[in-house]
Structure formats: C-alpha cells, structure tokens
Amino acid sequence: MNTQQVRQTVVDLCARLSRQGYLAGTGGNIALRIDAARFAVTPSATDYASMGASDVCVLRLADLVQVEGERSPSVESGLHARVLRARPDVHCSIHTHQPVASACALAGLALDVPPGALQRTLGGTVPVVGYAPSGTGWLSCRLARALRADTNAYLMLNHGVLCCGRNAQAAVQAVEDLETLARQQLSRLIAARAAREPLLRQTLQRVGDALAG
Ligand SMILES: [Zn+2]
C-alpha cells in the first residue's frame with residue numbers, strides 16, 4: 001500500500017472500531033506501518049466519525065518526526081512506535097479503552113488464554129503492564145519491557161488495552177478476541193463469587209430480571 005492507502009485504511013479502521021464500540025469519541029488510537037522508516041497514526045483529539053485521510057499523521061519511526069498531516073499526532077504515538085520497532089512482524093498497533101477488557105485492566109487481572117483460536121490470535125497469556133500516565137515515555141517504556149514476540153494483547157493497568165497484529169485485520173481480530181476472552185473470564189469469576197455469596201447472587205438475579213423485563 002502507498003501512503004495514501006495506508007492513511008485511508010486508518011480512517012476505515014477507526015470507523016469500524018467506533019461502530020463496534022471499541023473506540024468511544026476520541027478515545028483510543030491506531031498506528032499502521034507504511035514501510036521500514038514510517039508509520040501512519042491517528043491525530044490527537046479528533047472525532048473519528050468525521051476524520052478524513054488527510055487528518056491522519058505520518059511519522060518517522062526512528063524519531064517520531066512528523067512528515068505528513070496537518071494535525072498533531074496521537075499522544076500515544078511513542079507507545080505505538082515502541083511496538084513497531086520491537087516487533088518487525090507487526091504492521092498494526094491499536095490502543096483502545098474497550099469496555100470489558102478495560103475492566104480487567106482496571107482490576108489488574110491478567111488473562112490466561114485457552115488453547116485454540118483465541119491463543120493463535122492473542123498468545124498464551126494477556127499480561128498486565130504496570131501503571132504509568134497516558135501519553136508518557138514512562139508508559140511506552142513499561143509496555144516495551146513487557147513486549148513478547150508471541151503476545152499480541154496487553155492490558156495497561158488503570159487505563160486500557162494495546163493489541164497488535166501482522167496486518168490491520170489481525171490486530172482488529174486481537175481486539176475482538178480479547179473482548180471475548182475478558183467477557184468469558186469475568187463472567188466465570190462473577191459466577192464463582194455469586195456461588196459463595198447469596199446476597200450477590202440475589203442482586204445479579206434482580207439485575208438479570210430487570211434487563212430481561
Ligand atoms: Zn488511552
């Protein structure tokens with residue numbers, strides 16, 4: 001793909017992930033490798049519903065110098081660059097505040113991935129990366145230290161998620177599979193706790209009845 005095609009792909013990815021509820025408002029961001037030296041990244045604080053290809057920034061991978069795009073790049077550009085530098089096999093890096101996996105990130109709950117399709121996408125475990133404020137070099141360093149060649153999803157404590165893949169489709173699949181896995185594991189934990197605690201069981205029953213009614 002040429003630069004324009006990559007920038008348009010970033011727009012299309014944002015639209016798709018927004019529709020699915022993984023990117024709310026201006027939250028979350030996406031980076032897509034153009035070639036060995038450059039990557040495209042979403043602009044900072046831009047409504048993804050109205051974003052066009054010309055809004056997508058192009059940065060040099062080595063030093064984050066902006067070479068195209070009139071808007072400022074995402075504050076998480078450094079985070080994505082660390083992923084793209086450390087993992088030459090990765091062409092797409094996606095940061096989201098997706099609802100259920102982010103709940104796991106808030107709880108500091110690392111996820112074991114069962115063998116099968118999810119493990120092929122995500123790897124054997126989804127680790128928790130220690131907290132650092134958004135957009136900081138501190139957060140980038142923490143994530144970089146946690147990166148593994150066989151792991152494509154990471155929970156950033158008290159913040160959100162980073163998923164990556166060999167192409168855009170694989171990275172989106174990791175986002176979707178991580179949400180599925182997080183939902184399965186949280187449901188199991190809640191059910192196990194409800195089995196021990198009658199009050200919680202009754203509350204969940206009432207919530208279920210209210211949602212059904
Ligand atoms: Zn974030």
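Let me start with a contact. Pro99, Val100, Ala101, Ala103 and Cys104 of helix H3 touch Leu178, Glu179, Ala182, Arg183 and Leu186 of helix H6. Contact here means heavy atoms within 4.5 Å. By class, the residues of this contact are 8 nonpolar, no polar and 2 charged. Nonpolar covers Ala, Val, Leu, Ile, Met, Phe, Trp, Tyr, Cys and Pro; charged is Asp, Glu, Lys and Arg; the others, Gly among them, are polar.

A word on the source. This is a predicted model, with pLDDT of at least 70 required for local features and 80 or more for side-chain atom pairs, while totals for chains, interfaces and linings use all residues. Residues are numbered from 1 along each chain as its sequence is written, and side-chain values use heavy atoms, with hydrogens and water left out.

Back to the helices. H3 spans residues 99-107 and H6 spans residues 168-196. Helices are DSSP runs of H or I with at least four residues, strands are runs of E with at least two, and both are numbered from the N terminus. How do H3 and H6 pack? Their angle is about 60 degrees, and their axes lie 7 Å apart. Axes are lines fitted to C-alpha atoms, for helices over the stretch in contact, and angles run from 0 to 180 degrees between N-to-C directions. H3 and H6 are therefore oblique to each other. The classes are: under 35 degrees roughly parallel, over 145 roughly antiparallel, 65 to 115 roughly perpendicular, and the rest oblique. H3 passes H6 in a left-handed crossing. Left-handed means the near helix is turned anticlockwise from the far one by less than a right angle; clockwise would be right-handed.

Now the buried side of H3. Which residues of H3 are buried? Val100, Ala101, Ser102, Cys104 and Ala105 are. Buried is under 20% relative accessible area, exposed is over 50%, and partly exposed is in between, with a 1.4 Å probe and protein chains only. The buried residues of H3 pack against strands E5 (92-96), E6, E9 (153-156) and E10 (160-165), and against H6. After H3 comes Gly108, with a positive phi near 65 degrees.

Next, Ala110. This residue sits in the loop between H3 and strand E6 (111-112). Ala110 is partly exposed, at 46% relative accessibility. Beyond residues up to four places away in sequence, Ala110 touches Val126, Pro127 and Val128. Leu157 is 47 residues from Ala110 along the chain, and their C-alpha atoms are separated by 9.9 Å.

On to charge. Side chains of opposite charge can pair when their charged atoms come close. How many salt bridges are there? The count comes to 8. The rule is a side-chain nitrogen of Lys or Arg within 4 Å of a carboxyl oxygen of Asp or Glu. Here are some of them.

Take Glu68 and Arg7, at 3.0 Å, N to O. Glu68 is in strand E4 (residues 66-68) and Arg7 is in helix H1 (residues 3-19), so the pair links distant parts of the chain, 61 residues apart. Arg7 is buried, at 6% relative accessible area, whereas Glu68 is partly exposed, at 28%.

Then Asp55 and Arg71, also bridged, at 3.0 Å, N to O. Asp55 lies in the loop between strand E2 (38-41) and strand E3 (57-60), and Arg71 in the loop between E4 and helix H2 (77-86), 16 residues apart. Asp55 is buried, at 15%. Arg71 is partly exposed, at 38%.

One further bridge joins Arg148 and Asp150, at 3.1 Å, N to O. Arg148 is partly exposed, at 48%. Asp150 is partly exposed too, at 42%.

Last, backbone and loops. Most residues other than glycine have a negative phi. Ala45 has a positive phi, near 45 degrees. Ala45 lies in the loop between E2 and E3 and is exposed, at 64%. Leu64 also has a positive phi, near 65 degrees. Leu64 lies in the loop between E3 and E4 and is partly exposed, at 31%.

Ser44 is in the loop between E2 and E3. What does Ser44 contact, leaving aside neighbours within four places in sequence? Ser72, Pro73, Ser74 and Val75. Ser44 is partly exposed, at 27%. Ser44 and Val11 are 33 residues apart in sequence and 13 Å apart in space, C-alpha to C-alpha.
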